[in-house]
Amino acid sequence: MSGEETRILGFTLGMAALAMVAIVPPGLALAWLLARRAFPGKAVIETLVALPLVMPPVATGLFLLRLFGRRSALGRFVHDRLDLDVIFTWRGVLLAMAVMSLPLFVRSARVAFEEVPHRLEQVARTLGAAPARVFATITLPLAARGLTAGLLLAFARALGEFGATIVVAGNIPGRTQTSALAIYQLIQLGRDDAALRLCLAAAVLAFVALFTSERLLARSRA
Amino acid sequence: MKRIFLSFALGAGFAVLAFPSAAVEINVSAAASLTDALQEIAHAYEATSPDRIVLNLGASSLLARQIEEGAPADLFLSADEAKMDSLAKNKLLLAGTRKSVLGNTLVVVVPLDSKLKIAAPADLASSSIRALALAEPQTVPAGIYAKEYLQKVGLWRKVIDRVVPTENVRAALAAVESGNADAGIVYKTDAEISKKVRVAYAVSEAEGPTITYPFAALAGSRHVEEARRFLAYLCSPPALDVFRRYGFLVITGPAATP
């Protein structure tokens, strides 16, 4: 493994970790709403959240490109007022990873919340705990394993993200090139040995994340 | 023996007449920059021939790689000689069919509504250009040419941090069209088909690299005759006229029928 390959893997791991930090708050909120509340349009929200799972990733990429590109209202605002660019920068990598992995986290987190006995939460309420306290002291700890498992699954998905990333962030060595993009470029360069080394590293990382996720789920069900 | 051959040939002739739908698909792997001209030419060819033209358009580097790995292609239309050389070295070309047919030049483009003042090479180093779109400069011909040009005018080191390498030359054009890149270096022919970019300046012949497009039939072709026929058509006056109309330089005369 060359220094360059290690750097690419480090960048990919860092970006995926940041993406996880970014999706935890909205992911928890969405999952909790879907698990514990009935509201009009719930089925639509559920479907929308799951959409990036089944859409072609490049389609999601195009949607994000149009949303954050300099020609869009949002993109122009970010560019002119904040002097930031999303497209072709590491922010684009983060955005693509977050959007593509959010559905996996929300789906697992929702199941984790649903598996917490509602009765326990009600008991805590009757004993005078405020809803926020019930969530922090009863729901969250009891769902922790499932939540962590879901987050690891989402993390593994983010590590391998390709389609949305190449559209939104481009494939810029040293700036937006993740391991998946580097593997693709190495194939084009005909450097299969380096590509295979990165593939192997990506497989090991994904294996560890998925294996841990499965173990956590198995134990939370036991 | 002669008679057997003759009856075989006659039989084959009748078979062709009796089953005009027994057409073949000619797989053409072609450089992305040829897209529009080639679609028009393929369409015109299909009106005169039972054969279907299947275009696989992309960066010549990727196409060459696919051919090296045994992808089923009959013709390869490359945007640079190096890709063709590597196929020739691996004996993947059909002997005697390689021919450099077209030429192209580079231009610097900016989005149509851009306020940037770019008129000379030195302007590319301006800090107002944050993203300069090029095709991938290590592998994709358009990118290799652009890098060669920037090195020649002594700008490569200055702009390298702002280069956005893209999949192929059309993706570089699209990045400028969408405004997400402030400028880009593409072929003159690409700039001509786009209504969303304007040419800031054309790279002069003295400063720019020599760009030629070699065409060849491939050794792995399963439809050699049909492939040769389409290759000959590509070098015939009607096809060359289409290429010219899209802004290509024609650097070869019409080929004799093989």
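Modeller: Happy to! One term before we start: two strands pair if DSSP finds at least two bridges between them. Helices (H or I, at least four residues) and strands (E, at least two) are DSSP runs, numbered from the N terminus. This is a predicted model, where local features need pLDDT of at least 70, side-chain atom pairs count only at pLDDT 80 or more, and totals for chains, interfaces and linings use all residues. Residues are numbered from 1 along each chain as its sequence is written, while chains are lettered from A and ligands numbered from 1 in the order in which they are written.

Biologist: Good. How many bridges join β5(B) to β9(B)?

Modeller: There are 5 bridges between β5 (residues 106–111) of chain B and β9(B), and the two strands run antiparallel. Val107(B) sits opposite Ala202(B) in β9(B).

Biologist: Which order do the strands of that open sheet have?

Modeller: The order is β7-β6-β8-β5-β9 in chain B, an open sheet of 5 strands with mixed pairing. β7 (163–166) and β9 (197–202) of chain B each have a single partner strand, so one side of each has no neighbour in the sheet. From one strand to the next, the twist averages 35°; angles run from 0 to 180 degrees between N-to-C directions, and axes are lines fitted to C-alpha atoms, for helices over the stretch in contact.

Biologist: And which helices lie across those strands?

Modeller: Helix α5 (residues 141–152) of chain B lies across β5, β6 (132–135), β7 and β8 (183–187) of chain B, at about 125° to β6(B). Helix α7 (residues 169–177) of chain B lies across β5, β6, β7, β8 and β9 of chain B, at about 145° to β8(B).

Biologist: What about the open sheet of 6 strands, what order does that have?

Modeller: That sheet in chain B reads β2-β1-β3-β10-β4-β11, again with mixed pairing. Its edge strands are β2 (52–58) and β11 (249–250) of chain B, which pair on one side only. Inside chain B, β4 (residues 99–104) and β10 (residues 211–217) run antiparallel with 5 bridges, and Leu102(B) stands opposite Tyr213(B). Helix α2 (residues 35–48) of chain B packs on this sheet, touching β1 (25–31) and β2 of chain B.

Biologist: Switching to chain A: how many helices and strands does it have?

Modeller: Chain A has 10 helices and 0 strands.

Biologist: At what angle do α5(A) and α7(A) cross?

Modeller: The axes of α5 (residues 90–114) and α7 (residues 131–159) of chain A cross at roughly 150° and come within 8 Å. That makes α5(A) roughly antiparallel to α7(A) (over 145 degrees; under 35 is roughly parallel, 65 to 115 roughly perpendicular, the rest oblique). Among the residues that meet are Leu104(A) and Phe105(A) in α5(A), and Leu147(A) and Leu151(A) in α7(A). In contact means that C-beta atoms, placed from the backbone, lie within 7 Å.

Biologist: How many residues does the contact between the chains take from each?

Modeller: It takes 12 residues from chain A and 13 residues from chain B.

Biologist: Last one: where in chain B is confidence lowest?

Modeller: It is lowest in helix α1 (residues 2–18) of chain B, with a mean pLDDT of 55, and highest in β3 (residues 75–77) of chain B, at 97. pLDDT is the predictor's confidence in each residue, from 0 to 100. Chain B averages 89, and the model scores ipTM 0.73 and pTM 0.78.

Notes. Two residues are in contact if their C-beta atoms, placed from the backbone, lie within 7 Å.
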